[in-house]
Amino acid sequence: MNYKFIIQGRPITKKNSQIRTKTGVIQSKQYREYESMAIPQLVAQKGKQGLKTPIACPVIMTCRYKMPNKQGYPDLMGLIQASADILEKAGVLENDRLVSIIETSFIDVINKFNPCAEITIAEITDT
């Protein structure tokens, strides 16, 4: 099966926006806000696609990111890691370790009116 998800809003990396505290490391306010906005979007979209339980087999993930501007331009690998973590938290993937192939992922054109992450997940069932 193939699934397509769109997370509306400026994509934010997880690792590049950490804050060190006395008790450990927490994600930045921007990332926490992005994650809390993204999870309900993914939950709604997975329901519409008939995905009742998290995907539990290896997958191919493709990501296309649209940024609102070049200010604070993120690194692609950080965006992909954040997307995989959010997919797991939203119950799309049982574990983000199931991402076996990352295919044709890129930071796309600047789109200041509709920044988003477009993510396609394809199950690998012939292993």
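Colleague: Helices are DSSP runs of H or I with at least four residues, numbered from the N terminus. Which residue with a positive phi follows H2?

Modeller: The model is predicted. In it, phi is near 80° at the residue that follows H2. That residue is Gly91.

Colleague: Which element gives the most residues to the largest nonpolar core?

Modeller: The largest nonpolar core has 28 residues, and Ile55, Met61, Leu87 and Ile121 have the most contacts inside it. Strand E1 (2–8), H1, E4, H2 and E7 each give two or more residues to this core. The top contribution is six residues, and it comes from H2.

Colleague: Which strands are included in what covers the buried residues of H2?

Modeller: The buried residues of H2 include Leu79, Ile80, Ile86 and Leu87, and also Ser83 and Asp85. Leu87 touches Phe5, Leu42, Met61, Val92, Leu93, Ile119 and Ile121, leaving aside residues up to four places away in sequence. The cover over the buried residues of H2 includes H1, together with strands E1, E4, E5 (99–102), E6 (106–110) and E7.

Colleague: Is Lys29 buried or exposed?

Modeller: Lys29 and Glu33 form a salt bridge through their side chains, at 3.9 Å from N to O. Both lie in helix H1 (residues 29–48), four residues apart, about one turn of the helix. Glu33 has 43% relative accessibility and so counts as partly exposed. The cut-off for exposed is over 50%; Lys29 is at 52% and therefore counts as exposed.

Colleague: How many residues apart are Glu35 and Lys89?

Modeller: Glu35 is buried because its relative accessible area is 13%, whereas Lys89, at 54%, counts as exposed. Their side chains meet in a salt bridge of 3.3 Å, N to O. The pair links distant parts of the chain, with Glu35 in helix H1 and Lys89 in helix H2 (residues 76–89), and the separation is 54 residues.

Colleague: Is Lys66 buried or exposed?

Modeller: Lys66 lies in strand E4 (residues 59–67). Leaving aside residues up to four places away in sequence, Lys66 touches Pro11, Asp108, Val109, Asn111, Asn114, Pro115, Cys116 and Glu118. The buried class is set at under 20% relative accessible area; Lys66 has 13% relative accessibility and therefore counts as buried.

Colleague: What is the length of the polar contact between the side chains of Lys66 and Glu118?

Modeller: Glu118 is among the residues that Lys66 touches. Their side chains are joined by a polar contact of 3.2 Å.

Colleague: How many salt bridges does a search of the whole structure find?

Modeller: The pairs include Lys29 with Glu33, Glu35 with Lys89 and Glu118 with Arg64. Over the whole structure, the number of salt bridges found is six.

Note on methods: Residues numbered from 1 in each chain as written. Predicted model: local features only at pLDDT ≥ 70, side-chain atom pairs only at ≥ 80, totals over all residues. Heavy atoms only, no water. Buried < 20%, exposed > 50% of the residue type's maximum accessible area, 1.4 Å probe, protein only. Polar contact = N/O pair within 3.5 Å; in protein donor to acceptor, adjacent residues only side chain to side chain. Contact = heavy atoms within 4.5 Å. Salt bridge = Lys/Arg side-chain N within 4 Å of Asp/Glu carboxyl O. Core = buried A, V, L, I, M, F, W, Y, C linked by side-chain atoms within 4.5 Å.
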